[in-house]
Amino acid sequence: MPAKPPPLPPVRSLKLRKTLSAPGLLERVRGCFSEVTEHRKTKPDYPLVDVLMLGLALFSLKDGSLLQFDKQRGDKARRHNLKTLFGIADAPCDSQMRTVLDGVKPQRLRPVFRAIHQELQRQGILEGYRFLGKYLVSIDGTGIFSSGAISCPDCCIKTHKDGREEYYHQMLAAVLVHPDKNTVLPFFPEAITKQDGSKKNDCEHNASKRLIPQLRQDFPRMEMILLQDALSCNAPHIRLLKSNGYSFIITAKARSSSLLLNTVLDGLANGSTQELAGTTSKKLRCGYRYANDIPLNHANQDVRVNYIDYWEERPDGTTFIYDCVTDIPLTADNVADVVRAGRSRWKVENETFNTLKNLGYNLEHNYGHGKQHLSTVFATLMMLAFLIDQIQEACCQYFQAARTRLQSRTALWEKMRGMFREHLISDWESFYAAIIWGYEHADLTPKGIRSG
């Protein structure tokens, strides 16, 4: 039998945090959007801030179809709720929204991510994400668009063996993670698209050379440990991390790098390599071999790293192996935590990309490609909606109770969409209260939720 959901809190027992719930976060977003440079040369029919907020509303409500979202544009409930919940006085149609957002340079949206993270710092929320004394930031790339027919100047191009051309966009995400937390907090993502004036495709490596300095520029005093996959286990990238003042834990494939592995194996005889054995939280055998200050490879012996070779027995009798290099000095007291930190790199895929693709956000769905930046702008707004949801999941009692009431994200999104279409909602508190306790509950204010 499925587990019984925890009981709901008493009616009106919850508090709405001023800055870290939907109304406060959306107010901050709107303030940042109002600073985005207007790119239209003629007098606009709709303020740019409202068009950006409309795009955010689309992803906040997880509408799988822009056309379906637009069909309700004339509905009384939708017009009312866009104004009361998102501050949008008059919404353009879907084609107008696409045209306007297509001309917005994605980098113009970077300040809103910075502002939200700065508020999280001020409120002390980020302290709970410290691990090994710093903040773990996992970085990885994912696809956001692919087509054999639709393209724009920003598209990268893949030519298949049969001559077919495929056009695609990707993005590189940087996400604040913690081994013991399910919530993740994304920073501004870097687009992997063809750069201005370049005839060559962009790639994850080049995007990282833009993202990493920008992350340091946005948060100059924030001590971070960057978590990356084996593609980043190379001397130029490690030099880039060090020059920007980052610590790192990078997955290694030492079995294809004889110097790393052989140095550690040789160290077992001369005492420079340490070896530990133990058990996992599930009582399975595991072990660590680690050494400090060893050369990364033959060609870059000046790049010194610390290396861990970790193994873990699985219940099916197989052995899981994880290798990594780091700049963190390794000891018997911290090697297990370094491995835990390094393995939390997967949260950028599991808790971020998989959620965006499979749990209602519809990453990789083509909401509109445009002729300039539309695809990337939509992906960035989707990531912003995800950040707002993750903050509410961690900080907002109303959102947490609504999740408890519906038990899954997808069920919550469906309930929110239905109420948004059918009822006049005065504010976010009434919106969540109606989801948690029912809009006909006697304790709810009569004006909170009304029939549309």
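**Figure 1. Composition of the lining of the largest pocket.** In the lining of the largest pocket, 13 residues are nonpolar, five are polar and seven are charged. The structure shown here and in the following views is a predicted model. The volume of the largest pocket is about 550 Å³. Its lining comprises 25 residues, and those nearest the centre of the pocket are Y310, V339, R340, R343 and S344. Two or more lining residues come from each of strand 9, strand 10, strand 12, helix 10 (335-343) and helix 11 (347-358). Helix 10 makes the greatest contribution to the lining of the largest pocket, namely five residues.

**Figure 2. The second largest pocket, with strand 6 and helix 7 in its lining****.** The second largest pocket holds about 350 Å³ of space. Strand 6 (190-192) and helix 7 each provide at least two of the lining residues. By class, the lining of the second largest pocket consists of four nonpolar, six polar and six charged residues.

**Figure 3. The largest cavity, with strand 2 and helix 12 in its lining****.** The model contains four cavities of 30 Å³ or more. The largest cavity has a volume of about 120 Å³. It is lined by 13 residues, among which I144, H365, Y367, S375 and F378 are the closest to the centre of the cavity. Strand 2 (134-147) and helix 12 (374-395) each contribute at least two residues to the lining of the largest cavity. The contribution of helix 12 is the greatest, at four residues. Seven of the residues that line the largest cavity are nonpolar, five are polar and one is charged.

**Figure 4. The second largest cavity, with helix 6 and helix 7 in its lining****.** The space in the second largest cavity amounts to about 100 Å³. Its lining is formed by R110, F113, R114, H117, F187, F188, E190, L211, Q214, L215, D218 and F219. At least two of the lining residues come from helix 6 (110-122), and at least two from helix 7 (204-218). The lining of the second largest cavity is made up of six nonpolar, two polar and four charged residues.

**Figure 5. Strand 12 and its antiparallel partners, strand 8** **and strand 11****.** Strand 8 (residues 247-251) runs antiparallel to strand 12 (residues 319-326), and three bridges join the two strands. In this pairing, T251 lies opposite C324 of strand 12. Strand 11 (residues 304-313) is likewise antiparallel to strand 12 and is joined to strand 12 by eight bridges. C324 of strand 12 is the bridge partner of I308. Strands 11 and 12 form a hairpin with five residues between them, and G317 in the turn has a positive phi of about 95 degrees.

**Figure 6. K283 in the loop between strand 9 and strand 10****.** The C-alpha atoms of K283 and E313 lie 9.7 Å apart, whereas 30 residues separate K283 from E313 in sequence.

**Figure 7. The largest nonpolar core and the contacts of L101****.** The largest nonpolar core has 145 residues, of which F33, L101, I308 and L384 touch the most other members. Helix 12 supplies the most to this core, with 14 residues. Apart from its neighbours within four places in sequence, L101 is in contact with V51, L52, L374, V377, F378 and L381.

**Figure 8. Helix 13 and the elements that cover its buried residues****.** Helix 13 spans residues 397-406, and its residues Y398, F399, A401, A402, R403 and L406 are buried. The covering of these buried residues includes helix 12, helix 14 (409-422) and helix 15 (428-437). Q407 follows helix 13 and has a positive phi, near 75 degrees.

Technical notes. Residues are numbered from 1 along each chain as its sequence is written. This is a predicted model: local features need pLDDT of at least 70, side-chain atom pairs count only at pLDDT 80 or more; totals for chains, interfaces and linings use all residues. Side-chain values use heavy atoms; hydrogens and water are left out. On a 1 Å grid over the protein atoms alone, a cavity is a set of points where a 1.4 Å probe fits but cannot get out, and a pocket is an open set with protein on both sides within 12 Å along at least five of seven lines; lining residues have an atom within 4 Å of a point. Grid points are joined across faces, edges and corners, and a volume is the space filled by probe spheres set on the points. Ala, Val, Leu, Ile, Met, Phe, Trp, Tyr, Cys and Pro count as nonpolar, Asp, Glu, Lys and Arg as charged, and the others, Gly among them, as polar. Two strands pair if DSSP finds at least two bridges between them. A nonpolar core is a set of buried Ala, Val, Leu, Ile, Met, Phe, Trp, Tyr and Cys residues joined through side-chain atoms within 4.5 Å. Buried means under 20% relative accessible area, exposed over 50%, partly exposed in between (1.4 Å probe, protein chains only). Contact means heavy atoms within 4.5 Å.
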